[in-house]
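Here are some notes to read beside the model. Please keep the sequence and the 3D view open while you go through them.

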Amino acid sequence: MSTENGQARGPALRILQLYPEQMNIYGDWGNTLTLQRRAQWAGFEVELLEHEIGGQMPSDVDLVVGGGGQDSGQVAIAPDLRRHGAQLREWAEADVPMLMICGSYQLFGHVFVPAAQDAGSEPLQGISILDVETRGSAQRLIGNLTVRTEQFGEVVGYENHSGLTSLGPDATALGRVAPFGEEDSTAGGNNGADGTEGAISRNVIGTYLHGALLPKNPVLADWLLGKAVLHRTGEDRYRAPEIDESITREARRVAMSRPR
Amino acid sequence: MLPMHSALTVAVGRTARRLARLRGRGRGGSAFPGLVVERIDPGFLARTLDALPHGVVVVSGTNGKTTTTKIVVELLRAQGLKVFTNPTGSNFVRGVSAALLTEVDARGRLDADIAVLELDEAHAVHFVRLVKPRASLLLNVMRDQLDRFGEIDHTASLLRAVAAATTEVVVLNADDPRLSAPRFTEGLSARVEGFGIGESLRRTFLSDDDLRREAPMDLSGSGVEGRAPSTRLESIEGRTARFTLQGEQAEVEMALPGIHNMLNAAGALALVRAVLGERAALAQLAPALSQVRAAFGRGELIDVGGVPLELALVKNPAGFRMALLSSAAQRATTVIAINDQYADGRDMSWLWDVDFTALRESGVLAVTGVRAYDMALRLRYEEVPVESVEPDLGAALRLLLERGRADREPMRIYCTYTAMLALRAELAQFADVEAVL
């Protein structure tokens with residue numbers, strides 16, 4: 001049974017966070033919290049699941065979230081992630097929505113090739129859910145960033161990465177880096193050169209934006225939850241919670257006005 | 001350029017300082033005279049500091065540098081030593097040069113037995129290339145200013161460089177997973193001493209890696225080289241802390257607020273013992289330790305018309321969490337002030353790594369500062385009630401003081417660095433506030 005708003009009670013949404021121990025360094029836990037709260041406010045039960053290295057991958061999930069980590073964290077999780085690569089690809093092909101930030105975004109691509117100066121570091125193979133590849137570099141892209149997207153409007157966040165990501169032919173950029181004051185508009189994003197940021201394929205989003213990303217971008221959060229509800233129930237019946245978003249709007253406005 | 005005599009360097013440097021003041025380029029500890037000294041006499045810093053009979057001691061780490069340096073300085077002074085130290089905010093090489101310029105006599109001699117220097121992690125690396133410290137005290141490596149340093153592991157490597165340059169003794173936090181790791185301690189030429197917490201405090205102190213998990217630290221592999229640290233904070237009851245120093249125990253009633261400062265005090269005790277040897281018995285040091293008061297803006301209490309107002313500086317998730325824990329014991333009307341200037345950190349992500357559930361019951365009177373709305377959003381998703389969002393710091397402060405006058409309850413503001421500076425300036429209208437440097 002479902003009603004217009006707030007009353008719908010169905011099977012719980014199963015939200016899986018990948019490697020919270022190793023891959024949660026820039027407040028990315030805020031994404032999981034935002035998904036949990038908004039789903040609850042919209043009247044859906046949520047079951048939070050976690051997968052750590054060596055653990056058994058949960059079955060039957062509706063949404064997958066991964067965060068950023070240290071280089072060392074990425075090296076630590078990569079073999080385990082590859083072990084579960086087939087399962088994750090299967091979910092992606094079944095239109096399970098996924099949000100992968102920074103280090104997780106890189107490993108959802110084909111490969112991460114360390115920078116030349118990190119002698120002895122081997123290339124890290126990813127799981128190729130996104131048609132992207134990443135090369136380490138000596139320079140770091142750090143700062144506030146606004147991305148213009150067709151699907152979600154302006155997406156606002158904070159990037160901090162040294163890997164430079166390029167999109168393959170099957171990848172679509174999440175959006176384009178918005179001009180930043182007097183500064184070069186191509187200074188940030190996937191690689192600091194082509195003006196693209198992130199990647200999207202089916203319902204899988206990869207991006208460099210922390211912040212945490214979802215609290216200030218509820219349109220994105222609601223899109224992910226809508227896809228998760230569709231996956232769980234087969235019906236397009238998620239409606240955004242009716243809450244006052246003036247705080248969100250102000251937080252977005254301020255973030256977009258701050259120096260990089 | 002040939003090195004110059006110290007007397008000439010001092011004369012030129014002081015002239016530069018006068019000029020800087022005339023031109024209004026910052027007050028007091030301006031880096032400009034330090035820059036001039038660096039250019040005309042690059043050896044000045046090393047030559048002056050190397051002459052000190054008890055050498056140079058460096059304090060570094062993410063959290064607690066300022067207060068810990070203050071504790072070390074006061075403990076050494078209580079033992080009769082003349083101590084040179086750098087004022088807060090000049091914790092970089094040029095700042096130390098500028099501070100020296102103020103303290104030396106006209107011939108460039110420093111009337112001190114020992115120098116105790118607080119150094120920012122990144123600047124410490126430059127400093128130790130010029131001056132080899134006799135001892136270093138390394139407090140912790142935490143998530144802070146990732147927008148400046150990039151990664152925690154990188155920050156640890158900066159402190160490793162400080163440890164490697166230290167000639168006699170490295171005192172480090174044995175409970176910090178990065179500082180106590182074999183790859184940190186192996187191959188150091190100085191001997192390593194640890195400080196840490198006793199068994200009963202395991203649950204109170206979480207490492208940065210455990211912020212989300214609420215699990216106690218896994219200390220199975222902790223301690224340095226398999227030994228328990230010889231200086232420990234054993235237990236805490238209210239303001240009383242029990243310490244062990246090389247087998248000797250003492251209870252100290254602390255004037256310093258905050259349980260994190262009690263751990264910092266253990267580090268300071270270990271360092272002073274390492275520097276002075278057995279003459280620094282715990283029984284000698286305890287009375288001086290109990291007298292140490294909070295450094296400027298580090299948990300100090302300000303009296304506003306008979307109602308106490310606490311300014312709690314918060315810079316990173318672990319620090320904010322500790323401040324919330326310390327405060328849980330005493331309820332207060334609460335304001336949170338978040339700025340995002342360079343000194344605060346531009347990235348707001350860290351607010352999502354702090355567990356704010358402790359505030360859920362009492363709620364927050366106001367959130368303020370440049371990023372007031374980010375803080376409001378953070379609290380909304382934690383389901384902590386917020387009465388008002390007021391980006392203007394002065395207006396939020398007046399709101400708090402009005403409430404304080406009405407209900408006579410203690411007041412507390414958690415604030416980032418530049419928000420704290422601005423709030424202190426505003427507070428001067430209402431209370432006796434120590435001048436800002």
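This is a predicted model: local features need pLDDT of at least 70, side-chain atom pairs count only at pLDDT 80 or more; totals for chains, interfaces and linings use all residues.

1. Terms first. Two strands pair if DSSP finds at least two bridges between them. Helices (H or I, at least four residues) and strands (E, at least two) are DSSP runs, numbered from the N terminus. By that count, chain B has 15 helices and 15 strands.

2. Residues are numbered from 1 along each chain as its sequence is written, and chains are lettered from A and ligands numbered from 1 in the order in which they are written.

3. The nine-stranded sheet of chain B. Follow the order β2-β3-β1-β4-β5-β6-β7-β8-β9; these 9 strands of chain B make an open sheet with mixed pairing. β2 (83–85) and β9 (248–253) of chain B are at the edges, each with a single partner strand, so one side of each has no neighbour in the sheet. On average, neighbouring strands here are turned by 15° against each other, direction ignored. One residue pair to look up: B:Val83 has B:Ile114 in β3(B) as its bridge partner.

4. Two residues are in contact if their C-beta atoms, placed from the backbone, lie within 7 Å. Axes are lines fitted to C-alpha atoms, for helices over the stretch in contact, and angles run from 0 to 180 degrees between N-to-C directions.

5. The core. A residue is buried if 20 or more other C-beta atoms lie within 10 Å of its own, exposed if 12 or fewer, and partly exposed in between. A nonpolar core is a set of buried Ala, Val, Leu, Ile, Met, Phe, Trp, Tyr and Cys residues joined through C-beta atoms within 7 Å. The largest such core has 196 residues; A:Leu63, B:Val72 and B:Leu271 touch the most other members. α10(B) gives the most to this core, 12 residues. Leaving aside neighbours within four places in sequence, B:Leu271 is in contact with B:Val57, B:Val72, B:Ala135, B:Leu137 and B:Val171.

6. A covered strand. How many residues of β12 (residues 333–337) of chain B are buried? The count is 5 of 5. B:Thr333, B:Val335 and B:Ala337 are on one side, B:Thr334 and B:Ile336 on the other. β12(B) pairs in the parallel sense with β15 (residues 411–415) of chain B over 5 bridges, and likewise in the parallel sense with β13 (residues 364–368) of chain B over 3 bridges. B:Val335 has B:Ile413 as its bridge partner in β15(B) and stands opposite B:Ala366 in β13(B).

7. Where the chains meet. 30 residues of chain A are in contact with 26 residues of chain B. α1 (29–41), α2 (71–83), β8 (141–149), β9 (153–161), α5 (213–216) and α7 (246–257) of chain A each supply at least two residues of the chain A side.

8. A sheet in chain A. Here 4 strands form an open sheet in the order β6-β5-β7-β10, with mixed pairing. β6 (124–125) and β10 (164–167) of chain A are the edge strands.
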